[in-house]
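This report goes through selected side-chain contacts and the packing around them. The structure comes first, and the notes follow.

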Amino acid sequence: MKRYTLSFLFSLFTLVLSAQPSLPASWTVKQQSGQKGEIELLFTATIDANWYMYSTEAVDGPVPTSIAFVSSSDYATVGTLTELSTSKQKHDEAFGVDVKVFYGTASFSQKIKPQTDENFVIHGTITFQCCSGTSCTFGEEEFEIAVTGVAGAVVAEA
């Protein structure tokens, strides 16, 4: 009986250690046609109730939302990441600074210019921080999006 109890406790302990806490924001990425042969990538975060996510503006304290792209000869980024959602200004007691945050959803856009007339895949990492009234969590989520429909697009000259 003792052996079974120890085995059960060890299994339970292993299960608790391997459990991944869920992040308070989930992400989707989609492609949209742009102008001048560009493609717009749309990133949307759905933020859990009672949580908020920091904007892309860097201030001393919280981690701003950012998106890093794995370098590729298939495309070039055009401009910088743009916030499509309207952020709200608030004073963050945890960090003692004024910040811009999103509640509910947050959408961002990044334009790219294909450097090939073949379909390709973009890889990258979304970095963000979410807080509630009692805790904060840091998130890093890898993404992959297949960019299609580039045949016949204007290819940038080398």
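## Salt bridge

Lys100 and Glu57 form a salt bridge, with 3.1 Å between the closest N and O atoms; the term stands for a side-chain nitrogen of Lys or Arg within 4 Å of a carboxyl oxygen of Asp or Glu. The structure holds one such bridge. Lys100 sits in strand S7 (residues 97–102) and Glu57 in the loop between strand S3 (52–54) and strand S4 (66–69), so the pair ties together parts 43 residues apart in sequence. Helices (H or I, at least four residues) and strands (E, at least two) are DSSP runs, numbered from the N terminus.

Lys100 is partly exposed at 31% relative accessibility, and Glu57 is partly exposed at 45%. Buried means under 20% relative accessible area, exposed over 50%, and partly exposed in between (1.4 Å probe, protein chains only).

## Basis of the values

The model is predicted: local features need pLDDT of at least 70, side-chain atom pairs count only at pLDDT 80 or more, and totals for chains, interfaces and linings use all residues. Residues are numbered from 1 along each chain as its sequence is written, and side-chain values use heavy atoms, with hydrogens and water left out.

## Nonpolar cores

A nonpolar core is a set of buried Ala, Val, Leu, Ile, Met, Phe, Trp, Tyr and Cys residues joined through side-chain atoms within 4.5 Å. The largest one has 25 residues, of which Trp27, Phe43, Ile47, Met53, Phe108, Ile112 and Ile122 touch the most other members. At least two residues of this core come from each of strands S1 (25–33), S2 (39–47), S5 (75–83), S8 (105–114), S9 (120–131) and S10 (136–147). Apart from it lies another core, of six residues, including Tyr52, Tyr54, Val99 and Val101.

Leaving aside residues up to four places away in sequence, Ile122 is in contact with Leu41, Phe69, Tyr75, Ile112, Phe143, Glu144, Ile145 and Val147. Contact means heavy atoms within 4.5 Å.

## Aromatic pairs

Rings of Phe, Tyr and Trp (its six-membered ring) pair if their centres lie within 6.5 Å; planes under 30 degrees apart count as stacked, over 60 as edge-to-face and the rest as tilted. Eleven aromatic pairs are found in the whole structure. In one of them, the ring centres of Trp27 and Phe128 are 5.6 Å apart with the planes at 55°, so the pair is tilted. Trp27 belongs to strand S1 and Phe128 to strand S9, so parts 101 residues apart in sequence are tied together. Both Trp27 and Phe128 are buried.

Tyr52 and Tyr103 also make a tilted pair, at 5.8 Å centre to centre and 55° between the planes. Tyr52 lies in strand S3 and Tyr103 in the loop between S7 and S8, so this pair ties together parts 51 residues apart in sequence. Tyr52 is buried at 9% relative accessibility, whereas Tyr103 is partly exposed at 41%. One aromatic cluster is formed by Phe43, Phe69, Tyr75, Phe120 and Phe143.

Ser109, in strand S8, is buried, with a relative accessible area of 4%. Its side chain is joined to that of Glu40 by a polar contact of 2.5 Å. A polar contact is a pair of N or O atoms within 3.5 Å; within protein, one must be able to donate a hydrogen and the other to accept it, and residues adjacent in sequence count only if both atoms are side-chain atoms.

Leu23 lies in the loop between helix H1 (2–18) and S1 and is partly exposed at 31%. The C-alpha atoms of Leu23 and Glu140 are separated by 9.5 Å, although the two residues are 117 residues apart along the chain.
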